[in-house]
Amino acid sequence: MQTTVDQAWRTFRQRFVAETPKSRELTERAQAVLPGGSTRTVGWFAPYPMVFERGSGPYLFDADGRRYIDMFCNGLSLIHGHAYPPVVEVAERVLRSGTAWPGTSRSQIAFAELLAQRIPTHGLVRFANTGTEASMLAVKLARAFTGRRSILKSWAGYHGSYDVLEAGLHGQGEDPGRARLGVFNDLDSFRRAFAEHGDEIAAVILESVMYTGVVIAAEPEFLSGVQELAHQHGALFILDDCLMFRLAEGGSAQYYGVEADLTMLGKFIGGGTPVGAVVGRPDIIGQLDPNRPDRIYHGGSFNGNVLGTACGAVAVRDLTAAVIDAMDRRAQHIRTALESAAAQRGLPMVTTGIGSAFGAYLSATVPSPIGPREDIGMSRLFHLAAIRRGVLIGDGNEFALSSVVDDAVADEVVDRLVAALDDVAEELSR
Ligand SMILES: Cc1ncc(COP(=O)(O)O)c(C=O)c1O
């Protein structure tokens, strides 16, 4: 079977190469100046990702003029699709008045007010430029507040491209003195980590739904259980809501009923421009107050820049409960349709996740997020089949809806993905 799967993938790959000559040519040119023709590990897949020319609403268009329904949204960093008109309007205005000033701006204040209102248990907001920078800042704040160095996180939990938080990823284990690991949804493993290393742990950082790799949602009592453990041991509880702020107007904290000490935000809160933020308890974020003699240094020429905060405020403002409900409903429709279409074709399929973000794996059981993925051959086949049928999904078979995927677009996604499943079934039966 595996040989068949590999052979089928080679066939799909040949067809993909034949169908994307301009992307291939541009990739070859890129390889002379960018490592492997790429500037980012996420989003790369073999033989090469398409070179895009333009995005509009739910669609992306590549250099060969092919159209894709975007179900990955730049790693969940676009909540209202591409070139969202209200954001474009604000961006055009801001570009004429200057995009980055030292000091505070009206749009920075208004955006901070909006975020503080969305996560009402918190008081203060500090801007950065990406989710990775928000991670770095949250770690810095937690270390200074507690006087401890280690961060406890989950195996396979992704929090950006920051070495401290890469423990448990890319073949790396614990990094004593800097990072400790527990198993997501296994409260006992976190209990053990605290029992053994409690004195050194400054904070626990968790997502509510692990997304990059295999999508796994936290079980109801897991987050609150870890939060309680952290507080019992004098550590902070940090929620990485860079992706899952989409679950409710107040993000994962509202959805799961937890109160984090700090919340990391990024991705779509910039309305398509790079913005990161840490929102949190005034006594923790207040360590950055420049009036304090013992203030913590945190620079960043573009922190809270005018373009990002003005565009971000529009994106967050327009992510209302009604919009979230509609995205969640359409995601459920796609998941159900995919599962039944796969079953009709005798293909294994399991979907995981909650709300508008999910994973769909050609596997009878949910793949383990830790260690080699047994479904990888089949899921990789489906990934390339989906792309050839005009639906862009994450290379780990992650999906996310944006608000501009309406009922008609969602139906088209289903039709195209069912055709991709047909391609897979047909190729495997040869
Ligand atoms: C949960 C989570 N946190 C943080 C980040 C880092 O965000 P950025 O890529 O903007 O640095 C990511 C990126 O995928 C993420 O998935």
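Modeller: What follows covers helix packing, sheets, a pocket and the backbone. This is a predicted model: local features need pLDDT of at least 70, side-chain atom pairs count only at pLDDT 80 or more, and totals for chains, interfaces and linings use all residues. Residues are numbered from 1 along each chain as its sequence is written, and side-chain values use heavy atoms, with hydrogens and water left out.

Colleague: At what angle do the axes of α7 and α8 cross?

Modeller: Helices (H or I, at least four residues) and strands (E, at least two) are DSSP runs, numbered from the N terminus. Axes are lines fitted to C-alpha atoms, for helices over the stretch in contact, with angles from 0 to 180 degrees between N-to-C directions. The axes of α7 (187-197) and α8 (222-232) come within 10 Å, and they cross at roughly 10 degrees.

Colleague: How does α7 run relative to α8, parallel or antiparallel?

Modeller: Angles under 35 degrees count as roughly parallel, over 145 as roughly antiparallel, 65 to 115 as roughly perpendicular and the rest as oblique. The axes cross at roughly 10 degrees. That makes α7, relative to α8, roughly parallel.

Colleague: Which residues of α8 does α7 meet?

Modeller: Contact means heavy atoms within 4.5 Å. By class, this contact has seven nonpolar (Ala, Val, Leu, Ile, Met, Phe, Trp, Tyr, Cys, Pro), one charged (Asp, Glu, Lys, Arg) and one polar residue (the others, Gly among them). From α7 come Leu187, Phe190, Arg191 and Phe194; in α8 they meet Phe222, Gly225, Val226, Leu229 and Ala230.

Colleague: How many residues lie between β1 and β2 in their hairpin?

Modeller: The two strands pair in the antiparallel sense over four bridges. Arginine 54 stands opposite phenylalanine 61 in β2. Glycine 57 in the turn has a positive phi of about 55 degrees, and the number of residues between the strands is two.

Colleague: What volume does the second largest pocket have?

Modeller: On a 1 Å grid over the protein atoms alone, a cavity is a set of points where a 1.4 Å probe fits but cannot get out, and a pocket is an open set with protein on both sides within 12 Å along at least five of seven lines; lining residues have an atom within 4 Å of a point. Points are joined across faces, edges and corners, and a volume is the space filled by probe spheres set on them. The lining has 29 residues, with Thr104, Gln108, Arg126, Phe127 and Pro290 nearest the centre. The volume is about 790 Å³.

Colleague: Which residue is joined to alanine 46 by a cis peptide bond?

Modeller: Most residues other than glycine have a negative phi, and most peptide bonds are trans. Here omega is about 0 degrees. The partner of alanine 46 is proline 47.

Conventions
Pairing = 2+ DSSP bridges.
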